[in-house]
Amino acid sequence: MTDSFRRWNRVLLVVFGIMIIVFLVGPSLVIVPMGFTAGQILEFPPSGFSLQWYGKMFADPAWTSGFLNSFEVAVCTAVVASVLGTMAALGIARGRFPGKTIANALILSPLVVPVIVIGIGMFSFFVRFKLTGTLVGMVIAHTALSVPYVVVSVSTSLRSMDRNLEMAAANLGANPWRTFRRITLPLIMPGVFAGALFAFLESWDEVVVSIFMTTTKFRTLPVVMWEQVRQVVDPTVAAVATVLLATTTTVLTLALVVRRQAPVR
Amino acid sequence: MSAPVAVKGRAGRARRGPLISRWGSLAVPLLVLLTAAFLLPMLLIVVRSVTDPADIGAGNYVTFFTNEADMRVLGNTFYIAVICTVACLAVGYPYAYLMAIVPQRVAGIMLVFVLVPFWSSLLVRTFAWEVILRDTGIINTLLLNLKVITEPLPLIRNTFAVILGMSQILLPFMVLPLYSVMQRIDPELTRAAANLGAGPFAAFRRVFVPLSFPGITAGSLLVFVLALGFYITPTILGSARETMISRFIADQVQVRVNWGLASAMAVILMVLTFTVLAIASRFVKLRDVYGALGES
């Protein structure tokens, strides 16, 4: 009696789990075929297959420049955030300085302060230095937003690494810099690399702060899309959404694979 | 020789040492950047809320708290955030429970289905809901073609659409803390309860649920606090009646160019956020929740 009750419970739970998975990923997947429609409107199922909307997307300078700007900002953000974030993670894990708890809170707080507050704050501050609508301004803004992911990722790697290896290197005569470069850095590299990819993703998809930090001269892809979505929506937007999703999925897969290959000791 | 990093021998590490150790100095560049590019802008908002227009003092706050329409926006924001939290808990709890009882490999796959949406564009996910829910969207077109309805159902530009979209986007923030707590619950405990004569449901309710309470609290507070700050989703899926505080702030800046009032509202939103987080931090480390977002 109890057994059959349990079994039915399990079956219900599994059905429910599948429904949640559909709820989580289904809506985004629905957009993908809509960008390939041969028709003139956004429809599901799409009527016929065509690349016309991708053609339109690549012919429209608003989309193409948005795409290039986004890519540029995301790559620069990934580089700056992973360098500064790795240094900070090392400093926090091994160093000693006053106000470490506050430093930790400061590093994590961009994750939880509402983006609208960050957006208007950064705009009214950066505009005084003429940094709005520039690559430099956007990279600084996105670095602040994405560096927490790097610090968390590298800290995890640092915690799981065996420090005896460093001591062995030092005992064998390596100086601290050589020890760091030949032993520590390779061991934490998967964490650094995954952190860089997470920083890329955060920058690539960021909308709200970018809405305030960009100008008509320099816009990122999500900002262009945001403006389009609020007006007329044709299948081009579905094509752009697909490009955004495809990039995210590729980079995330890479990040998860890198993390999984982290040497666990 | 190879790089200008300060590692000149192992001189002078006295017992006390300098205020900032050599390793510690590595954190300085990031802290400088965050202070300049994040902390100062936030402080500027606080300053602007009491100095814009000049000599306003607490005037912007008085305006906000005495204006009925403004208070309705605040009430609305709370209402939507609470419903989203309840919805995420109702849906996320069974999902996390399932992750905790299935084999590790299956749980890993289920985790990927939580991580992929977390990292995908919030704008794209909101746009997807618009395409599904609007009058000429997937659901209405299908039902009209099947002649189930003659008029499109009002699925969008209402509270329902906002809550549906936001709950889907926030669900990962509920599942991850729940799962990280449930994972650590010893399955022997519920088995022991069953051996002592508790039915499977009683064992679940009296043993498992109370043990998962830290996860429930952490997930709920996190979802609630993030929901308070939502801007994109309620703006696209809702009507003016679903205006939440973030959209209100954006409108004050972009449409009415009232920086003082916008800043005051931003400060109120920040205070609310940190209050809820301070409560949450008693139950869970924020770092653990975000750390889980990159694991698999």
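The questions below move from one chain to the interface and then to single residues.

Colleague: How many helices and how many strands does chain B have?

Modeller: Please keep in mind throughout that this is a predicted model. Read from the N terminus on, the elements of chain B run α-α-α-α-α-α-α-α-α-α-α-α-α-α. The count for chain B is therefore 14 helices and zero strands, where a helix is a run of at least four residues.

Colleague: What share of the residues of chain B count as buried?

Modeller: Chain B exposes about 14,000 Å², and carbon and sulfur atoms supply 65% of that area. Among the contacts in chain B with a separation of 6 or more, residues 24 or more positions apart account for 69%. Taking under 20% relative accessible area as the cut-off for buried, the share among the 296 residues of chain B is 50%.

Colleague: Which helices of chain B do the buried residues of α2(B) pack against?

Modeller: Helix α2 of chain B covers residues 59-66, and its buried residues are G59(B), N60(B), Y61(B) and F64(B). The partners of these buried residues, all in chain B, are α1 (28-51), α3 (68-101), α12 (245-254) and α13 (259-280).

Colleague: Which residues touch the most other members of the largest nonpolar core?

Modeller: As general background, nonpolar side chains tend to be buried together in soluble globular proteins. The largest nonpolar core here has 178 residues, and the two that touch the most other members are M225(A) and F127(B). The largest share of this core, 14 residues, comes from helix α7 (residues 159-182) of chain B. Leaving aside neighbours within four places in sequence, M225(A) is in contact with W63(A), V237(A), V240(A), A241(A) and L244(A), and also with L123(B), V124(B) and F127(B), and the pair you asked for is M225(A) and F127(B).

Colleague: How many residue pairs are in polar contact across the interface of chain A and chain B?

Modeller: The interface brings 91 residues of chain A into contact with 89 residues of chain B. Together the two chains bury about 8,200 Å², with 80% of it on carbon and sulfur atoms. Across this interface the rule finds zero salt bridges, whereas the number of residue pairs in polar contact, both at pLDDT 80 or more, is three.

Colleague: Which helix supplies the largest share of the side of chain A that touches chain B?

Modeller: In terms of contact, the interface involves 91 residues of chain A and 89 residues of chain B. L24(A), R96(A) and V112(A) supply 9% of the area that chain A buries against chain B, more than any other three residues. The largest share of the side of chain A that touches chain B amounts to 18 residues, and these come from helix α1 (residues 2-34) of chain A.

Colleague: Is F44(A) buried, exposed or partly exposed, and why?

Modeller: F44(A) lies in the loop between α1 and α2 (52-59) of chain A. Leaving aside neighbours within four places in sequence, F44(A) is in contact with V30(A), P33(A) and M34(A), and with I138(B). Because its relative accessibility is 38%, F44(A) counts as partly exposed.

Colleague: Why does T220(A) count as buried?

Modeller: T220(A) lies in the loop between α9 (208-213) and α10 (221-229) of chain A. Not counting residues up to four places away in sequence, T220(A) touches G66(A), N69(A), S70(A), V73(A), M138(A), S210(A) and T214(A). The cut-off for buried is under 20% relative accessible area, and T220(A) counts as buried because its value is 3%.

Colleague: What is the phi of K130(A), and where does K130(A) lie?

Modeller: Most residues other than glycine have a negative phi. K130(A) is found in the loop between α5 and α6 of chain A, and K130(A) is exposed, with a relative accessible area of 71%. Although K130(A) is not a glycine, its phi is positive, at about 55 degrees.

Conventions: Residues numbered from 1 in each chain as written. Chains lettered and ligands numbered in written order. Predicted model: local features only at pLDDT ≥ 70, side-chain atom pairs only at ≥ 80, totals over all residues. Heavy atoms only, no water. Buried < 20%, exposed > 50% of the residue type's maximum accessible area, 1.4 Å probe, protein only. Helix = DSSP H or I, 4+ residues; strand = E, 2+ residues; numbered from the N terminus. Contact = heavy atoms within 4.5 Å. Areas by Shrake-Rupley, 256 points an atom, 1.4 Å probe, with all protein chains shown as cover. Core = buried A, V, L, I, M, F, W, Y, C linked by side-chain atoms within 4.5 Å. Buried area = accessible area lost by both parts, 1.4 Å probe. Salt bridge = Lys/Arg side-chain N within 4 Å of Asp/Glu carboxyl O. Polar contact = N/O pair within 3.5 Å; in protein donor to acceptor, adjacent residues only side chain to side chain.
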